[in-house]
Every structure is written in structure tokens, then in C-alpha cells.
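I opened the model today to look up how its chains meet. My notes follow.

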2 protein chains.
Amino acid sequence: MTDGRAIDIVHAYYDSWKRGIQSFDATTVRSLFASDLVYEGPIVERRIGFDAFLPGLTRFVQSVRSFSLIQELQGEGEAAVLYDCDLTLPAGKHRFAEFFRVRDGKITELRLLYDATEYRKLS
Amino acid sequence: MTDGRAIDIVHAYYDSWKRGIQSFDATTVRSLFASDLVYEGPIVERRIGFDAFLPGLTRFVQSVRSFSLIQELQGEGEAAVLYDCDLTLPAGKHRFAEFFRVRDGKITELRLLYDATEYRKLS
């Protein structure tokens, strides 16, 4: 996997959680990310390090009922994916966009975008 | 332009508005889109037709102070772009993701994603 194409790494990332927390494999997820991951998202804005990213991902995966791919593009060392998830919290269908940069078989940058309106009501 | 690559069409789209309303050229924009455009976004969810899309784009462009590209990917008949804009309303920096499908030199599908929290406060 360390020499895989960016899109293969990204598919492995989705495979690790898209069926929800029952099949979530944190060890596999960790193997896909650089330890100094740069993560950006609507609420936390920016976090550095996989360990800072994992708790938020885990909470999200606990809410995932289903995953539906809409569009994905791949480039040299990068990928972009648009998908919908049916969630338990916030309940209903939510859309997500993720833009990845991959180097040496690890995701080094992940920029996530979604409409955080319903998420902000939870906090 | 009708035989251009998807990414060239998408660049022409951004060039038509990224310097704000002063340089916005609705005629050029119209030439880049299929008349039966499928548009999806956080607030309107789904609209069919370029004429249903243009008023929202125009209001957005009136608020644009600057455009900053973060990442873009291209594929056969598709593109994905992540960018920030500094806006006057809602004031400040906002992030946007757009996923395009292009056919015969026209954008046929545009899926826009952003955190609409501040936008919802305006309506």
C-alpha cells in the first residue's frame, strides 16, 4: 500500500469506516495517514497530527448509517471525493467533500468541507 | 472553447467572476453552461437550468473581494476545485468546493459545497 496510487489510499480510508463503527479499524486508518497530517475542516479550522484528527473521525464514524459516492477525481499525489452519508447525529443525509494530498503512500493533507449548520446546533 | 478540456471551461468560469462584480461577464458565463444545468448546493439543494442558477451566482459575485485557489483536479469531462473567497457578505473568508461535469464544452452539472452557517443567518 505504501507505493499505491493516491486514490487507492483514499479508497482504503473510506473502506475503513463507510459501513459504520462496527467495522471501523483505527489501526488500518492510522497506517494510511502521515503522523504530521494537516487537517482542515469547518469547525476546528486546522489541526496538525493524526492523533488530533482521530477522535473527530471516530465520533463521525459512530454516526454513519450509510455512505454514497457522488464523484471522485484523482491526480498525481492527490484526490478529491464528494459523497453523501446518512447519519444518526445530526440525523439525516449530509454531503461532504474531501480534498487529499498523498506522499509516499500516506495522506499528508486532508481538507474536509460540509455544511456545519446542524453540527453547530449540537455543540 | 466548445472542444476545450473540462478544466479550461472551469477556469473560464472562475475568470468570469473571481475579480468581483465589476468584471463579471454574464454573457461569457452563459456560454460555459448547458441550458439544462443541474446545480446542487447547501441551501437550494437542487435547481435545474442555467437561468435558475444565474441569480444566485450574481448575488455571490457581488460579495466577492478576492479568490484564492487551494487545490484543483481534472479528469475526463470533470473537475473539482477547492478555494477560499474573501467576501463582503457574509463578511470574511469562506471556503468552497465545486465538483463539475462537462460535456461538449459545457458545464452540465455543478455541485457546490460550503459551510452555510453564516449564509443562513442572512435569510
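This is a predicted model: local features need pLDDT of at least 70, side-chain atom pairs count only at pLDDT 80 or more; totals for chains, interfaces and linings use all residues.

How many salt bridges does the rule find across the interface of chain B and chain A? I noted four salt bridges there.

I looked up one of the pairs. B:D115 forms a salt bridge with A:R120, and their closest N and O atoms are 2.5 Å apart.

Next I asked which elements of chain B supply the side that touches chain A. β3 (64-75), β4 (78-88), β5 (91-103), β6 (106-113) and α4 (117-122) each supply at least two residues. I sorted that side of chain B by class and got 14 nonpolar, four polar and eight charged residues.

Then I turned to the extent of the interface. I found 26 residues of chain B in contact with 26 residues of chain A. The two chains bury about 2,100 Å² between them, and 60% of this is on carbon and sulfur atoms. In chain B, the residues that lose the most area to chain A are B:Q71, B:F99 and B:L113, together 32% of what that side buries.

Last, I checked the symmetry. Chain B superposes on chain A by a rotation of 180 degrees with 0.0 Å of shift along its axis, at an RMSD of 0.0 Å. The two copies are therefore related as by a two-fold rotation axis. The C-alpha of chain B nearest the axis belongs to B:D115, 1.9 Å from it.

Terms used
Residues are numbered from 1 along each chain as its sequence is written. Chains are lettered from A and ligands numbered from 1 in the order in which they are written. Side-chain values use heavy atoms; hydrogens and water are left out. Copies are superposed by least squares on the C-alpha atoms of residues with pLDDT of at least 70 in both. Contact means heavy atoms within 4.5 Å. Buried area is the accessible area (1.4 Å probe) that two parts lose on being put together, summed over both. A salt bridge is a side-chain nitrogen of Lys or Arg within 4 Å of a carboxyl oxygen of Asp or Glu. Helices (H or I, at least four residues) and strands (E, at least two) are DSSP runs, numbered from the N terminus. Ala, Val, Leu, Ile, Met, Phe, Trp, Tyr, Cys and Pro count as nonpolar, Asp, Glu, Lys and Arg as charged, and the others, Gly among them, as polar.
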